[in-house]
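Please consult the sequence and the model shown here alongside the text.

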Amino acid sequence: MKPINNCTRFVLIVCCLFLYNHEVNGSATPVTDSSEIVLAGEQLQLVGDGFAFTEGPAADRDGNVYFTDQPNNRIWKYDLQGKLSIFMENAGRANGLYFDKEGALIACADEQNQLWRIENGVVEKLVRHYQDTLLNGPNDVWVAPNGFIYFTDPYYQRDYWKRKAPDLKVQALYLYKKGGHLVRLDDRFKRPNGIVGTPDGHYLYVADIGDNKTYRYTLKKNGKLAKKRLFIHKGSDGMTIDTQGNLYLTGKGVTVYDKQGKEIAHISVPAKWTANVCFGGRDGNILFITASDKVFTLKMRTKGYSK
């Protein structure tokens, strides 16, 4: 899946992108919302399409949203004026993204099974191995308020890899600390994927999409896990959380659960697969959704946490 001429591909993709500011297909997209977390009268908005497969949305401190088009090896930016632009070419086949407290973009760059830190266009390769063994392929990432980086490492065979089997025997959750210290926290998964934590750094949610379950951990001050409990019998690709503590899971649209694990909303998304979701926008109340070859927004009553 190496790109053809970059200039040619750029022109083709831009020509295929359609920027909208109206309801999808001109009609209401079904939303079941018992807790009224969606702003009254708002509908799903199609921001753009014509991508290969969108993933990993993350908002910077201003509310601009960055997301990946992994097959095309790009990171895109959706700014506060509603404009789409390419942030990075040759992006390491980046998947999940998250901003750290210094404003650098942390990226799961699985082309070479690495975790990247991108600042001012400069890439720092944080990690590639666990105890001298190649990682499976970092998939999704969350940065805690104290700077600790948590990421999932499932194995999804890529057509741009030479290897045909994993080097590691497990698919796990990891903690990365500055200085290159990598700790395996939990390997009792079939295929871990989506990850997000609470802004106080007290809880961490991790989805085992391979077992259709999502777990909640209590985090210790040293970053390690204190407790693990099953939160909901539902897996997820990517996920996010709002200021009320509601958890947003993805797959067939977006399904929202309150702190107790009760389903309170479902947002139908007109795409084959809804991969990931985050909050962005100037006021933090724009739900940004990556779904197959498309990206959408939805205005909410709830907000995401500002960094």
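C108 is buried, with a relative accessible area of 0%, where buried stands for under 20% relative accessible area, exposed for over 50% and partly exposed for values in between, computed with a 1.4 Å probe on protein chains only. The sulfur of C108 lies 14 Å from the closest cysteine sulfur, that of C278, which is too far for a bond. C278, in turn, is in no disulfide, and at 6% relative accessibility C278 also counts as buried. The structure holds 0 disulfides, a disulfide being a pair of cysteine sulfur atoms within 2.5 Å.

The model is predicted, so that local features need a pLDDT of at least 70 and side-chain atom pairs count only at pLDDT 80 or more, whereas totals for chains, interfaces and linings use all residues. Residues are numbered from 1 along each chain as its sequence is written, and side-chain values use heavy atoms, with hydrogens and water left out. The protein chain has a mean pLDDT of 91, and 90% of its residues reach 70 or more; pLDDT is the predictor's confidence in each residue, from 0 to 100. Over residues 1-22, however, the pLDDT is below 50, and this stretch has 31 contacts in the model beyond near neighbours in sequence, a contact meaning heavy atoms within 4.5 Å.

A search of the whole structure finds 14 aromatic pairs. Rings of Phe, Tyr and Trp (for Trp, the six-membered ring) pair if their centres lie within 6.5 Å, and planes under 30 degrees apart count as stacked, over 60 as edge-to-face and the rest as tilted. Two of these pairs are described in the table.

| Pair | Centre to centre | Angle between planes | Class |
|---|---|---|---|
| F67 and F288 | 5.5 Å | 40 degrees | tilted |
| Y205 and F231 | 5.2 Å | 75 degrees | edge-to-face |

F67 is buried at a relative accessible area of 0%, and F288 is buried at 1%. F67 and F288 belong to one aromatic cluster with F51, W76 and Y78.

Y205 in strand 18 (residues 203-208) and F231 in strand 20 (residues 225-232) are 26 residues apart, and their pair likewise links distant parts of the chain. Y205 is buried, with a relative accessible area of 2%, and F231 counts as buried at 6% relative accessibility.

Charged groups also meet rings. The charged end of R216 sits over the ring of Y203, 4.1 Å from its centre, and K228 lies over the face of F189, at 4.9 Å from the ring centre. The criterion is that NZ of Lys or CZ of Arg is within 6 Å of the ring centre and within 35 degrees of the ring normal.

D186 lies in strand 16 (residues 181-186) and counts as buried at 3% relative accessibility. Leaving aside neighbours within four places in sequence, D186 is in contact with A172, L173, Y217, L225 and K228.

Key. Helices (H or I, at least four residues) and strands (E, at least two) are DSSP runs, numbered from the N terminus.
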